[in-house]
Amino acid sequence: MMTRVDVFEDIFLVFLGLGTLVGIIVVSYTLYNAYKYRDDGTRDPDEDLPTLGELPTGGTGGKKLFVSFFLSAIIVISLVLWTYGMLLYVEDGPDDPGEDAIEVDVEGFAFGWSFYYENGAESSNEMVVPVDTPIWIEVTSTDVWHAFGISDKRVKADAIPGERDVTWFTAEEEGEFLIECFELCGPGHSAMEADLIVLSEEDYEEWLEEQLTLTLDLEDADGESVTDADNVEVTLSSDDEVVATYTGDDFEDGVLEISVEQGDAYTLTVESTDGSFETVELEDVDIVDGPSETVTLEEPGEDDDNGDDDENNDETDTDDAGGDD
Ligand SMILES: [Cu+2]
């Protein structure tokens, strides 16, 4: 499969090669004639030499002129057609949209980038993609004009509020590459960078799964970790429909890992099976970028005195700096 990098490399090499060739021919022919018609002091003073500004007349009917014009035309026209064909390929991408192609929505903001994946996962300032897979990106902005670019992959797309610029690229090797903003957008422009992280197919799947996993930690009223979760029942629901339930057995050392198929905002309920603590309900828990939550279990009755207090205490999102919309 031909990547964008291959296309632009080819165009560059062909133009460089032809330019060099034409340059060599023109300069050599000029030097040759300069030497051939040099003034070596043996000229007949009566010879009819042209004077400065005089146009040549007669001769071979402009044969040389015609040949050079014809050759130039062939070269220029074939270059235009060939380059145009290559750029059409860059526009359309490989087998649009391609079976295993991946779509990522890119959102620029002053001053950074957010990435949204098909299964609802999200990441900020790091774009994670699998190797050897066509990646289609849809780029937009939430505030002012930006331009999304990955020089290494020859990618550039406008990021304009209300508009979506679609383009693609394929990463041929694993590694980290620099994403930059290419539109002067404000005082933070030059630092408006993100990482393109290219992983193997398996590592990419694993990363996606991690994004859609919530780590739930329990602690008691004193802030001590609860390791014995036998009497705990956790319910995950979305739009009032129960997605999954977990019991004490699903905890490991007091920590529960909840994985979902689709990244979204979920409601999380932590209940006691024996009434030893108050039920805790967390609403709008975003499982999109590998968040973690710590839930404080209060003994029943305590709640009456400081009811408003614990609602705020319950939610500690350690992994989601700036991720809230
Ligand atoms: Cu910018």
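User: Happy to start with Asp-253: is Asp-253 buried or exposed?
Analyst: Good place to begin, and please keep in mind that this is a predicted model, where local features need pLDDT of at least 70, side-chain atom pairs count only at pLDDT 80 or more, and totals for chains, interfaces and linings use all residues. Residues are numbered from 1 along each chain as its sequence is written. A residue is buried if 20 or more other C-beta atoms lie within 10 Å of its own, exposed if 12 or fewer, and partly exposed in between, with C-beta atoms placed from the backbone. Asp-253 has 10 other C-beta atoms within 10 Å, so Asp-253 is exposed.

User: Where is Asp-253, and what is its phi?
Analyst: Helices (H or I, at least four residues) and strands (E, at least two) are DSSP runs, numbered from the N terminus. Asp-253 sits in the loop between strand 13 and strand 14 (255-259). Although Asp-253 is not a glycine, its phi is positive, about 55°.

User: Which loop holds Asp-239, and why does Asp-239 count as exposed?
Analyst: Asp-239 lies in the loop between strand 12 (232-238) and strand 13 (241-246). Its phi is positive too, near 50°. Asp-239 counts as exposed because its C-beta neighbours inside 10 Å number 9.

User: How far apart are the end C-alpha atoms of helix 2?
Analyst: The expected span of a helix is 1.5 Å times one less than its number of residues. Helix 2 (residues 63-92) has 30 residues, so it should span 44 Å, and this agrees with the distance between its end C-alpha atoms, 44 Å.
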